[in-house]
Amino acid sequence: MRKLFIIALTLLCAGAFRSAAQEVVFMPQWTPQAQFAGFYIAQEKGFYTDEGLNVKIVHKLQSSSSNNMDQLENGEIDILGLQLLQSIIAKADGHPIVNVMQVSQVSGLWCVSHNPISKPTDMNGMRVGRWISGYADFCDFLETYNNIKINWVPFINGISLYVYGAVDAMLCYSYNEYVSLTLAAGRIPESNVIKFSDFGYDCPEDALCVNEKYYATHKEEVEKFVRASKRGWEYARNHRDEAIDVTMKYVQADHIQTNRAHQKRMLDEYLSLMVNPKTGKVDYSPVAKETFDTIVNSLYNINHIFQKIEYSDLIR
């Protein structure tokens with residue numbers, strides 16, 4: 001009888017813990033893919049649950065042209081995946097957000113051309129494919145900063161515009177579209193690729209942002225989410241095949257057209273972008289203040305933002 005009482009009490013306590021778990025809604029910045037494998041692992045392995053969190057991962061639609069800032073501000077989502085450049089511009093525009101975790105440390109944004117290209121100014125007058133969803137800020141910055149005019153051709157995703165010659169070049173990420181291009185067309189000459197990080201555009205990309213009000217009232221939950229997410233990414237780095245297994249579950253559930261080979265190469269490349277070039281380690285360092293100030297000053301000087309923000313305004 002005493003044994004049955006202990007079992008019943010244990011189950012009761014476990015149920016109470018689950019009901020008391022804090023719900024957190026997280027939206028990555030794109031559809032399911034290995035770019036978010038660490039978060040999927042943290043969910044699958046129970047790392048969020050270990051922290052007392054009930055995490056719900058929701059993805060934006062491929063056809064969405066929004067950065068989902070409105071959903072963050074009205075409380076539909078609690079944590080939003082957002083690129084650092086986007087978060088700086090949003091903050092300068094008056095959106096009450098804070099950056100709570102810097103995931104990637106190096107920019108993976110490239111331009112791939114059908115013909116040799118050596119520098120961003122070579123893009124002047126070219127028809128260049130770019131995503132219809134987001135990243136417009138970088139495109140505007142690129143043109144204004146270099147005093148060039150690019151004929152942008154929007155696409156949702158994929159490489160069809162480039163493969164069929166509908167554009168002279170396309171923006172791509174080293175861990176995504178570039179992988180697709182090499183899988184479809186084989187080796188691309190290095191002379192046909194420019195890496196924007198080689199020309200002073202090495203703005204760290206993927207970060208996590210929350211609303212200021214949410215951070216003020218849920219700081220402990222945010223810290224738990226960040227801690228469990230780091231644990232998920234470390235597990236993914238050391239168990240890559242398993243991380244792809246988990247990623248493919250999310251991919252298939254959302255009917256995303258891809259394959260395991262693509263996702264594996266994506267994960268390998270993305271993990272390399274998480275290494276801090278200054279330390280040679282994956283340390284999730286926030287952007288350096290001098291880099292932050294350079295980005296803000298550059299955006300301000302070309303009138304892309306109309307007020308400067310301080311490092312402490314955004315970075316936590």
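Axes here are lines fitted to C-alpha atoms, for helices over the stretch in contact, and the angles between their N-to-C directions run from 0 to 180 degrees. In this predicted model, the axes of helix α5 (residues 84-92) and helix α13 (residues 289-301) come within 11 Å and cross at roughly 60°. Angles of 65 to 115 degrees count as roughly perpendicular and those under 35 as roughly parallel, and α5 and α13 are therefore oblique to each other. The crossing in which α5 passes α13 is right-handed. On the α5 side the meeting residues are Leu85, Ile88 and Ile89, and on the α13 side they are Phe292, Ile295, Val296 and Leu299; by class, this contact comprises seven nonpolar residues, with no polar and no charged ones.

A second pair is formed by helix α2 (residues 37-44) and α10, whose axes lie 7 Å apart at an angle of about 105°, and these two helices are therefore roughly perpendicular to each other. Ala37, Gly38, Phe39, Ile41 and Ala42 of α2 make the contact with Phe225, Ala228, Ser229, Gly232, Trp233, Tyr235 and Ala236 of α10, a set that divides into nine nonpolar, three polar and no charged residues.

Definitions and conventions:
Residues are numbered from 1 along each chain as its sequence is written. This is a predicted model: local features need pLDDT of at least 70, side-chain atom pairs count only at pLDDT 80 or more; totals for chains, interfaces and linings use all residues. Side-chain values use heavy atoms; hydrogens and water are left out. Helices (H or I, at least four residues) and strands (E, at least two) are DSSP runs, numbered from the N terminus. Angles under 35 degrees count as roughly parallel, over 145 as roughly antiparallel, 65 to 115 as roughly perpendicular and the rest as oblique. A crossing is left-handed if the near helix is turned anticlockwise from the far one by less than a right angle, and right-handed if clockwise. Contact means heavy atoms within 4.5 Å. Ala, Val, Leu, Ile, Met, Phe, Trp, Tyr, Cys and Pro count as nonpolar, Asp, Glu, Lys and Arg as charged, and the others, Gly among them, as polar.
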